[in-house]
Amino acid sequence: RVSVRLHFAELDNVKPGQRVFDVRLQGQTVLESFDVVAAAGGAGRPIVKEFAGLTARRCVSLEFVPKAAVPAADSAPILSAIELLPAK
């Protein structure tokens, strides 16, 4: 079992609601309609989401599903860093 920490920070001049996406981890949606700017309280501010107790045998599957019909540079999903930690 592992814990996964996903680090996000919007570094572009993106407004709330502009970059919205789902995050799937091990095939399950763990963040739905996630908006980094709104969740962090503004652009340039970091936010960390942690998911503990995941079962991972050989790999960890991470998928980002954009909500925009045609993702552009300012609407495509982003991720700043990922940490994989042994479960406690």
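Here's a quick tour of the nonpolar core, the aromatic rings and a surface patch in this structure. Keep in mind that the model is predicted. The largest nonpolar core has 15 residues, and four phenylalanines, Phe-8, Phe-21, Phe-34 and Phe-64, form one aromatic cluster.

**The core**
- Phe-8, Phe-34 and Val-36 are the residues with the most contacts inside the largest core.
- Leaving aside neighbours within four places in sequence, Val-36 touches quite a list: Phe-8, Ala-9, Glu-10, Arg-19, Phe-21, Ile-47 and Ile-78.

**The aromatic rings**
- Searching the whole structure turns up four aromatic pairs.
- One of them is Phe-8 with Phe-21, a tilted pair at 6.1 Å centre to centre, with 45° between the planes.
- That pair links strand β1 (Phe-8) to strand β2 (Phe-21), 13 residues apart.
- Phe-8 also pairs with Phe-34, again tilted, at 4.9 Å centre to centre and 55° between the planes.
- Because Phe-8 sits in strand β1 and Phe-34 in strand β3, this pair ties together parts 26 residues apart in sequence.
- Phe-8 counts as buried because its relative accessibility is 1%, under the 20% cut-off.
- Phe-34 is buried too, with a relative accessible area of 6%.

- Leu-79, Ile-82 and Leu-84 make a nonpolar surface patch of about 250 Å².
- Leu-79 is in the loop between β5 (62–66) and β6 (81–86).
- With 30% relative accessibility, Leu-79 counts as partly exposed.

Definitions and conventions
Residues numbered from 1 in each chain as written. Predicted model: local features only at pLDDT ≥ 70, side-chain atom pairs only at ≥ 80, totals over all residues. Heavy atoms only, no water. Core = buried A, V, L, I, M, F, W, Y, C linked by side-chain atoms within 4.5 Å. Buried < 20%, exposed > 50% of the residue type's maximum accessible area, 1.4 Å probe, protein only. Contact = heavy atoms within 4.5 Å. Patch = residues over 30% accessible without salt bridge, like charges linked within 9 Å, V, L, I, M, F, W, Y side chains within 5 Å. Areas by Shrake-Rupley, 256 points an atom, 1.4 Å probe, with all protein chains shown as cover. Salt bridge = Lys/Arg side-chain N within 4 Å of Asp/Glu carboxyl O. Helix = DSSP H or I, 4+ residues; strand = E, 2+ residues; numbered from the N terminus. Phe/Tyr/Trp six-rings, centres within 6.5 Å; stacked < 30°, edge-to-face > 60°.
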